[in-house]
Amino acid sequence: MDKKTTQLHKYHLSQEAKFIDFGDWSMPFSYEGTLKEHDIVRTSSGFFDVSHMGRLEIQYTEIEKISKLICSEIVDIPSNKALYSIFTNADGNALDDVIFWKFNDKIILIPNASNLEKIKSHLVAHNVEFIDKSPDTVLIAVQGPDTIELIQDRFEIPDKFSTNYTENFLYARTGYTGEDGVEIMANNEDAESLLTFLTEKGVKPCGLGSRDTLRLEASLPLYGFELTEDITPVEASLNWTITNENEYLGSNRINDQLSGESHKVLKKFTINSRKIARTETVGIAGETKGLVTSGNFSPVLNKSIGFILFENMPSHDLIEFDIRGNLIEGNIVNKRFLS
Amino acid sequence: MSDIKYLETHEWYLMKDDEITVGISDFAQNELGDIVYVTLPEVGQEFEKGAAVVEVEATKTVADAYAPMDCTITAVNSQLETEPETINNDPCGDGWMFKAKVNTVDDSGMSYQEYETFVS
C-alpha cells in the first residue's frame, strides 16, 4: 500500500529530504542531517511538518465527557490553556498521550498519528462528538530559542503552554523539543503561505530524526516506545500529569499505584560513552531487570541517553547493559537530561 | 579511483600488493545517517572474509562493516575515535576504517559502475 504523505510533500521533495516510513506515513527524516537539525533547534529555529498527527475539533460543551477519559484536570484550567494529558483505558493504561488546545468555544485535540483512529473510536464509544480536521489542515511545529522573535510580527505570542489564534491560524506555545516555540494549525490552502513566511524568516526545515533526538534529550516520552497500552502514567513516571481528582476511566488502578502498590517503573539513564543502548536492550540494576524503550546519542551531553522500563523499582542506580554482547555500564538519572 | 571495489554489504576496499584499505560506501553512510561512534579492531587481529570488523553507531541504527577477504589488521584510522563524522563527510577518503594484510586473496568485489547499478 502506498504510504500517506502530507500536504507539504512537494516542498519536502524540493528540499531533497530523506524520507522514513512512520506508521501509515512517509515523512521527512532529515534534510541536512539529524545532528545539524538538532543543533538548529537548540541554537536558532527550525520547523517540523507534523501533519501526520491528528487534529480533532471538539465543541467546548463536550469537556465534561472528556474529563472522564483522561488523567488530567481539564475543566477548571483557563480557556486559553494548552494541556498535555493521557487517555487511559479501564486498567489505567495509556491509550495515547495527547495535547489539548483550549479556546473559548472549542477544544483542539492532537493525538499521535498511529493512535488517531483508536482515539476517534474511543471518543465515539463515549459519546464525545468531534470533527476530524486532520485531512483539511496542516500542523507545523516551529521550535528553538529564536522562534518567538522571528515570528512575532505575524503571530501574537501567547504565554507558555497557552493558545491563540488569528483569522487563518490556530496555535499554541507548545512543542516536543524542550525549546521555546509554537505549534501552528492551518487550513491546507494557507499552508504554503505559512511555509513561505517561515523560510523567508530563515527558519530551517527539520525532520523526524532530529525530532526524536530532541524529544529524548528533553526527557519526553514517545508513544509506541515509552508509552503503550501496557503501562500506566504512574509506571511511566508521568505523575505530574495526574491532576484529575474526579473519577475517570482507570482511575482506581492509578490511585492504587499512587498509594504505594508495587508497579513497574520507567527511568532515564546515561552511558558515559557514545555507544547506544537501543530499544529492547537488556539492562540490569542490582537484581532488577529492565528493557530499554528508547536510546540514542545526546548531542548536547555528548553521550548516550535513553529510557528503560524496570520490572519494579531498582535498588541500585548503576545499570549493566548488554549491548550486542558487550557489558556496558550506565547510570539511572532522576532529573531531566538537560537542566 | 578505478581500483576501488565494492561489496554487496556496502564496504569498499582498495588492494595494493598484499594490503587492503577498507571503509564503507557513500551509499552506506547516507543510509546510516549521522555516525556518532565506531568500534575499531586492534592491530594484529585476524578476520575471515565476511566477519564483522567494525561496529558503526549512527543516530538512526547500528551496522557492522565486514572483512572483504581473510586478513590481518595492520592499521586503524584512529581519527574516527574522536571524529566519527569523518565517515559521513569523506567515506572513501579520510573516512577509511582499517588497513589489513591479505591472507587469502579474493578480489571479487564489484566495480564502481557495477555497485552503482546494484544500489540503484
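This is a predicted model: local features need pLDDT of at least 70, side-chain atom pairs count only at pLDDT 80 or more; totals for chains, interfaces and linings use all residues.
Residues are numbered from 1 along each chain as its sequence is written, and chains are lettered from A in the order in which they are written. Local features need pLDDT of at least 70 and side-chain atom pairs 80 or more, while totals for chains, interfaces and linings use all residues.

A nonpolar core is a set of buried Ala, Val, Leu, Ile, Met, Phe, Trp, Tyr and Cys residues joined through C-beta atoms within 7 Å. Buried means that 20 or more other C-beta atoms, placed from the backbone, lie within 10 Å of the residue's own. The largest nonpolar core has 62 residues, and F47(A), F100(A), W101(A), I140(A), V142(A) and I184(A) touch the most other members. Strand β6 (residues 94-102) of chain A gives the most to this core, 6 residues; strands are DSSP runs of E, at least two residues, and helices runs of H or I, at least four, numbered from the N terminus. Another core, of 47 residues, lies apart from it and includes I323(A), I35(B), C71(B) and I87(B).

In chain B, 6 strands form an open antiparallel sheet in the order β1-β2-β3-β9-β8-β5. Two strands pair if DSSP finds at least two bridges between them. β1 (5-6) and β5 (46-47) of chain B are at the edges with a single partner strand each, so one side of each has no neighbour in the sheet. Strands β3 and β9 of chain B are joined by 4 bridges, and I20(B) has A100(B) as its bridge partner in β9(B).

Between the chains, 12 residues of chain A are in contact (C-beta atoms, placed from the backbone, within 7 Å) with 8 residues of chain B. On the chain A side, α2 (34-43), α7 (208-217) and β16 (288-298) each give two or more residues.

Definitions and conventions: A residue is buried if 20 or more other C-beta atoms lie within 10 Å of its own, exposed if 12 or fewer, and partly exposed in between; C-beta atoms are placed from the backbone. Two residues are in contact if their C-beta atoms, placed from the backbone, lie within 7 Å.
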